[in-house]
Amino acid sequence: MRNRPTRRVLASAAVIVATLALTSACGDEEEPPAGNGEPVSFDITFDGDTVTPRGAEETIAKGSDIELVVEADKPGELHVHSSPEQQVEYGAGTTTIPVKLANQAPGVVDIESHDLDQVVIRLTIR
Amino acid sequence: MARLDGSTLAHGIGGAQDLPISPELAIAGAVAALTVSFTVLAVAWRTPRYDDGETGRPAPGWIDTLVAHPAFRVGLRVLGMMLFLYTAMAAVFGQDRVTNPFFGIFYVWWWVGLVPFSLLLGPVWKAISPVRTINLAFAKVSGGDPDEGIFRYPERLGYWPAAVGLFAFVWMELVYPYSTELGPVRLWCAVYVAAMLLGGALFGNTFYERADPFEVYSSLVAKMSVWGTRDGRVVVRSPLANLSTVVARPGLVAVTAVLFGSTAFDSFRDSTTWLNFLQEHDIITTNGAVGPDTAAAIANNLALLTFCAGIGIIFALATMATGVDPEIDRRSLPNRFAHSIVPIIVGYIVAHYLTYFVEVGQLTLILASDPFGDGSNYLGTGDLQVNYWLSYHPTLLANTKVAAVVVGHVLGVIAAHDRAIKVLPARHQLTGQLPLLFAMVGFTAGGLFLLFAA
């Protein structure tokens, strides 16, 4: 009788170890293709109080830079929630804004309109 | 072109977010949690092991000597006071920009940092709390006793004030639209300090133990550390044995519900689902009554409240859904089981905040060297660079997060099991645990789902 609790503890421990091994064995991610040096281009259009796209989900490869081609009826500001954060300005008309993201670690970067307080593009970097 | 000025960032501080974990990993974690839960129920011990607080080995002599030494205690108080004054200086004389280290100290070092430090070292906030130090200084000057106030702290109040304070913090952090503007955050801190000093004067140190949101949070997490005390001596004991010494007082469930619910809400509000709801749904965008901004703010407030209240209600119902002996008040059960949710909270907080703490924590150390934003480098840390090693290893990161959630879940289930065989009558010990077990599996699976979906 005396060693039954010990055996229970051992059994529980075995299950825990086995399941942990299970959880950490899965989930290997495949390597995305590396950036080829050309910035990835995204179009953004501001018209009055609306922006297109809105909350668009995009994915780029780790090591890529992007450029935002902004067409707007009035000047404004975009926030790029990378690490560190970046803020870029655009004028009325069409502005092409290069944004450096090549040094950004994998993660999710929101590009947000400061004036409308809306997420324009949700960019996943893999 | 790129610049960083002080305007409001709807995102709070910190830049890029973690990649979502893969669906396979989330499912594997949930299956592991489920399997382990029922295994614990089936094979674990049948007589309570943890509820005495008598276990634990005496800590090595030098630790005991060190901790008991007045110079050590004074040193910690001085350290806490210096951090407090430095932070207050940045808050009062610094610039209203997100580069002011005040925000990082407030949201990252203080709020998130509290957890790892308490987990490793024990109740750290109690040891360094500047409000306790000021109260102590007042007592010394007036010849009083810091433990004694004018009144006795009402037992019925329990941890409720702390729950309210914690909610006030997460509200500030997660739903208040101006959470990165200096004025409001500074005001929040001023109200906190004022409330704590008033409470300390009225009720003595008991007030800090039960009503200071940060001390309650820190001391609760410290119960998952290996450090305990017995007869005034430091002992080393298993975190589970330590956890069982949490004193069940009114409001304990509310404290845990706010901590867990708010962290889950933080994941949820980053999800594309919620983003699309706020940006696309007619009820927000064409809300004739209040306008889209207010409608979104109301939706966020309601969602935060729903997460916190939802967790609390599910937990309370799940713990009460059992047969009990007639002499036990069923309504006392939620607070008596509330300690078992602490490991689940800690595991989820590790998963949710690990990169944020490591990376924005470093950024804060860099910014802290220049509290007034005038280019100075008081601490010599201003030229350091943030190390993004963790973010560059997304697979390791994702595995660590899921492992933390699953380990937290397992510890929670064991803690609940031990408490169940102590307080439930023999014939209800197995079936009585089931509702809580399902609730815990639900919490863990939900947390994993949010890590996957956000």
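Tutor: The description below begins with a helix pair, goes on to a loop, a further helix and a sheet, and ends with backbone features.

The model is a predicted one. In chain B, helix α18 covers residues 342–368 and helix α19 covers residues 394–423. Their axes come within 6 Å and cross at roughly 170°. An angle over 145 degrees counts as roughly antiparallel, and therefore α18(B) is roughly antiparallel to α19(B). On the side of α18(B), the contact is made by B:Pro343, B:Ile344, B:Val346, B:Gly347, B:Tyr348, B:Val350, B:Ala351, B:Leu354 and B:Thr355. On the side of α19(B), the contributing residues include B:Leu397, B:Thr400, B:Lys401, B:Ala404, B:Val405 and B:Ala415. By class, this contact has 13 nonpolar, 6 polar and 1 charged residues.

The next site is a loop glycine. B:Gly94 is found in the loop between α3 (70–93) and α4 (101–112) of chain B. Is this glycine, B:Gly94, buried or exposed? With 22 other C-beta atoms within 10 Å, B:Gly94 is buried, because the cut-off for a buried residue is 20 or more. Leaving aside residues up to four places away in sequence, B:Gly94 touches B:Asn100, B:Phe102, B:Pro371, B:Phe372 and B:Gly373. B:Asn301 stands 207 residues from B:Gly94 in sequence, and the two are 30 Å apart in space, C-alpha to C-alpha.

Helix α13 of chain B spans residues 252–269 and has 18 residues. From its first C-alpha to its last, α13(B) reaches 26 Å, close to the 26 Å expected at 1.5 Å a residue. This helix, α13(B), is mostly covered, with 16 of its 18 residues buried.

Chain B also has an open sheet of 3 strands, in the order β1-β3-β2 and with antiparallel pairing. The edge strands are β1 (57–58) and β2 (227–230), each of which pairs on one side only. Strand β3 (residues 233–236) is joined to β1(B) by 2 bridges, and these two strands run antiparallel. Within that pairing, B:Pro58 stands opposite B:Val235 in β3(B). In general, strands of a sheet pair through backbone hydrogen bonds, either parallel or antiparallel.

The loop between β2 and β3 of chain B holds B:Asp231. Although B:Asp231 is not a glycine, it has a positive phi of about 50°. B:Asp231 is exposed, with 6 other C-beta atoms within 10 Å.

A:Asp117, a residue other than glycine, has phi near 60°. Its place is the loop between β8 (107–113) and β9 (118–125) of chain A. A:Asp117 has 15 other C-beta atoms within 10 Å and is partly exposed.

Chain A also contains cis peptide bonds. The bond from A:Thr52 to A:Pro53 is cis, with omega near -5°, and A:Pro53 sits in the loop between β2 (50–52) and β3 (56–60) of chain A. A cis peptide bond also joins A:Ser83 and A:Pro84, where omega is about -5°. The loop that holds A:Pro84 lies between β5 (76–80) and β6 (86–90) of chain A.

Methods: Residues are numbered from 1 along each chain as its sequence is written. Chains are lettered from A and ligands numbered from 1 in the order in which they are written. This is a predicted model: local features need pLDDT of at least 70, side-chain atom pairs count only at pLDDT 80 or more; totals for chains, interfaces and linings use all residues. Two strands pair if DSSP finds at least two bridges between them. Helices (H or I, at least four residues) and strands (E, at least two) are DSSP runs, numbered from the N terminus. Axes are lines fitted to C-alpha atoms, for helices over the stretch in contact, and angles run from 0 to 180 degrees between N-to-C directions. Angles under 35 degrees count as roughly parallel, over 145 as roughly antiparallel, 65 to 115 as roughly perpendicular and the rest as oblique. Two residues are in contact if their C-beta atoms, placed from the backbone, lie within 7 Å. Ala, Val, Leu, Ile, Met, Phe, Trp, Tyr, Cys and Pro count as nonpolar, Asp, Glu, Lys and Arg as charged, and the others, Gly among them, as polar. A residue is buried if 20 or more other C-beta atoms lie within 10 Å of its own, exposed if 12 or fewer, and partly exposed in between; C-beta atoms are placed from the backbone. The expected span of a helix is 1.5 Å times one less than its number of residues.
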